[in-house]
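Let's take a walk through this model together. Have a look at the sequence and the fold below, and then we'll go from one spot to the next.

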Amino acid sequence: MEGKGRPAILKEECTGCGACVEACPIGAIRMHDGLAQIDESCNLCGGCRDVCPSGAIRFPEEDREKQPAVAEHHHVWVFAEVRQGKLASVVPELLGAGRRLADQLGESLHAVVVTAPREEIYQQLFGYGADAVWQVEHELVFEGDEMARAAALCQLIRRERPAVVLFGATAMGRSLAPRIATRLKTGLTADCTGLEIDPETRLLRQIRPAFGGNIMAEILTKYRRPQMATVRPRVMKAPRFRPDSSGPIHHFVPAELDGGLTLEELVLEEVETVNLEDADIIVSGGRGLGDPRNFALLEELARLLGAAVGASRAAVDSGWIPYPHQVGQTGKTVAPKVYIAVGISGAIQHLVGMQSSDVIVAINKNPDAPIFKVATYGIVGDLFEVVPALIRQLKKMRGVT
Amino acid sequence: MLHVVVCIKQVPEITEVSIDRRTNTLVREGVPSIINPFDMYAIEEGLRLKEAHGGTVSVISMGPPQVESSLKEAVAMGADRAVLLSDSRFAGADTLATAYTLAQGIRRLGQFDLVICGKQAIDGDTGQVGPGLAEELGIPHVTYVRRIRELGDGMLRVERMVEGGWELISTTLPALISVVKDINEPRLPSLKGIMRAKRTPVTVWGLEELGCDPQRVGLTGSATEVVRIWTPEPRESGELLQGDPEQQARQLVERLRGLGVI
């Protein structure tokens with residue numbers, strides 16, 4: 001979400017009562033010489049206008065014309081990302097969200113594939129709720145050239161006019177979606193945590209966090225189509241798989257495409273462990289581990305839990321674990337079912353990257369560590385005693401010796 | 001001569017942002033502004049390319065007049081030229097309008113070889129402006145670049161972070177890349193740089209100088225609209241597990257099993 005412009009304060013009307021200062025959820029208003037002043041961070045939420053007793057707050061006029069084409073866009077589309085021949089885990093989740101939206105609109109749900117045709121992928125897409133599949137067919141597109149993929153998808157979207165297009169907030173989705181939205185001159189909302197159709201306006205209500213989850217915003221794309229959004233993995237719930245579903249497969253051969261990128265090589269580094277982005281459980285270590293070798297302890301715990309290993313910036317900057325493991329402001333934002341923070345004090349830069357997790361467990365010897373403020377379960381103690389005890393308990397539970 | 005353009009954004013220093021417990025809103029009073037942390041890596045990478053290949057680094061931003069201080073900081077680090085796109089009509093831009101406006105600014109800079117952006121900004125967290133800007137400029141883009149392997153002869157070869165590993169990607173110049181923290185360690189401004197930044201004026205371009213279509217900038221040019229904003233329910237206060245480590249561990253396993261998450 002980018003900062004929005006500012007409403008005007010009518011000096012003659014403002015009584016300096018301060019009601020708007022109280023009402024502003026982001027603290028963008030302050031009193032200056034007895035008059036309200038709104039700064040650049042204003043999001044035009046309208047909260048101040050609603051409480052102003054003297055009508056002194058005027059918002060920028062809405063002078064955009066409604067494009068007639070808006071009404072001619074139908075159906076919900078999901079970008080069906082396939083990585084190394086497998087459907088990305090976010091796709092069933094998107095299909096689950098997309099199904100609800102399509103049902104609310106009384107329209108259908110389509111999935112778009114840009115990788116080489118594979119029968120098992122189609123079966124999965126239909127099994128997770130797609131009514132139809134679009135298969136884009138072009139050599140450059142199959143080879144992983146994102147510029148060609150974006151161009152082909154733009155052609156298809158222009159022709160078919162979907163109302164909504166959803167992408168996973170993956171490396172590929174976050175690269176393709178803004179390229180496409182810009183070419184189509186339409187709106188794109190990143191990392192939505194809630195999506196629903198407004199029953200009256202039939203607009204897609206896009207809910208997303210900002211400022212590291214300290215603020216939630218509802219965003220609409222009122223006058224352009226399609227309404228595009230990205231959704232992080234693990235935010236939406238995947239529907240139950242129905243193995244014998246099927247539907248039509250439409251083949252789309254794009255007109256002449258300009259390529260742009262050559263994917264020369266893909267190197268997988270984390271074959272043994274789970275990706276942070278895809279993990280249900282994350283075990284993260286920080287400065288409290290004291291030594292890179294102690295990450296072995298966390299790895300053992302992670303293996304028992306089927307978890308991914310994360311780290312604080314302090315651990316990464318000390319060279320204890322590579323950067324792809326970093327959680328937080330300059331690393332990855334994660335929201336697993338369980339986040340176990342071991343020896344992490346919980347600086348705000350770390351918290352903004354994990355505080356949306358369902359359950360947070362904090363293990364730290366300092367009872368005043370800020371991590372305990374967000375923890376569902378806190379254990380004040382020596383991690384070198386607590387983690388081995390945890391490993392023993394889990395082994396007992398699993399019957400491992 | 002290599003010409004690298006680095007895009008930066010001024011953002012609130014998030015460590016300083018606190019929540020007012022009474023009103024449950026963000027306190028922004030006196031919150032200092034910084035260069036978006038990811039953009040620091042973009043600046044550093046631009047400077048390293050200049051040192052390796054010769055040429056110039058231009059740094060560009062869109063925002064209110066106070067963004068000049070961030071641009072000066074980039075000059076102090078070693079950037080040659082600083083441009084601020086500032087106009088009251090640019091205010092309220094979403095990523096679509098921002099990408100358009102930045103593209104107008106970069107076109108006005110003249111010939112360029114590479115545009116470098118940070119992976120995303122820490123306030124909006126969208127990461128959308130980079131790819132959108134590349135589209136506006138009609139050049140290819142590569143996101144999440146963690147290393148530039150090769151640059152020259154009109155081509156670029158980079159390593160890009162993806163889920164579970166990395167890709168080796170080559171493309172033609174001019175191109176746009178967005179960079180992650182792994183790519184380098186940003187330098188501190190030198191004393192000489194700070195003195196130079198004091199002398200170097202920041203060029204300010206508004207809507208007319210850029211020849212922007214007024215329908216495509218700011219709030220008017222934005223496709224998305226924030227219609228409501230609120231603070232989420234604070235997390236319920238947690239439970240401190242008591243006892244010796246063995247008891248604490250047992251309780252934790254019980255709780256997690258009870259929730260059905262393990």
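**A guided tour**

B:Asp125 is found in the loop between β8 (114-118) and α4 of chain B. Helices here are DSSP runs of H or I with at least four residues, strands are runs of E with at least two, and both are numbered from the N terminus. Though not a glycine, B:Asp125 has a positive phi of about 65°. Its relative accessibility is 15%, so B:Asp125 counts as buried (buried is under 20% relative accessible area, exposed is over 50%, and partly exposed is in between, with a 1.4 Å probe and protein chains only).

Before going on, a word on the ground rules: this is a predicted model, in which local features need pLDDT of at least 70 and side-chain atom pairs count only at pLDDT 80 or more, while totals for chains, interfaces and linings use all residues. Residues are numbered from 1 along each chain as its sequence is written, chains are lettered from A and ligands numbered from 1 in the order in which they are written, and side-chain values use heavy atoms, with hydrogens and water left out.

Now for the helices of chain B. Two packed helices are described by the angle between their axes and the distance between the axes. In chain B, helix α3 (residues 95-109) packs on helix α4 (residues 129-137) at an angle of about 50°, with the axes 8 Å apart. Axes are lines fitted to C-alpha atoms, for helices over the stretch in contact, and angles run from 0 to 180 degrees between N-to-C directions. α3(B) and α4(B) are therefore oblique to each other (under 35 degrees is roughly parallel, over 145 roughly antiparallel, 65 to 115 roughly perpendicular, and the rest oblique). On the α3(B) side, the contact (heavy atoms within 4.5 Å) involves residues including B:Thr95, B:Tyr100 and B:Ile106, and on the α4(B) side B:Val129 and B:Leu133 are among them.

Chain B also has a cis peptide bond, from B:Leu173 to B:Pro174, with omega near 0°. You'll find B:Pro174 in the loop between β11 (165-172) and β12 (175-179) of chain B.

Over to chain A, which has 12 helices and 22 strands. Its C-alpha trace spans about 70 × 65 × 35 Å along the principal axes, and 58% of its 401 residues count as buried.

Take helix α4 (residues 119-127) of chain A, where A:Ile121, A:Tyr122, A:Leu125, A:Phe126 and A:Gly127 are buried. What do the buried residues of α4(A) pack against? The list includes α3 (90-105), β8 (109-113) and β16 (249-252) of chain A. Just after α4(A), A:Gly129 takes a positive phi of about 115°.

The loops of chain A are worth a stop too. A:His75, in the loop between β4 (57-58) and β5 (76-79) of chain A, has a positive phi of about 80° although it is not a glycine. At 27% relative accessibility, A:His75 counts as partly exposed. Further along, the peptide bond from A:Arg225 to A:Pro226 is cis, with omega near -5°, and A:Pro226 sits in the loop between β14 (215-220) and β15 of chain A.

Last stop: A:Arg232, in the loop between β15 (227-231) and β16 of chain A. Its side chain makes a polar contact with the side chain of A:Asp191 (2.9 Å). A polar contact is a pair of N or O atoms within 3.5 Å; within protein, one must be able to donate a hydrogen and the other to accept it, and residues adjacent in sequence count only if both atoms are side-chain atoms.
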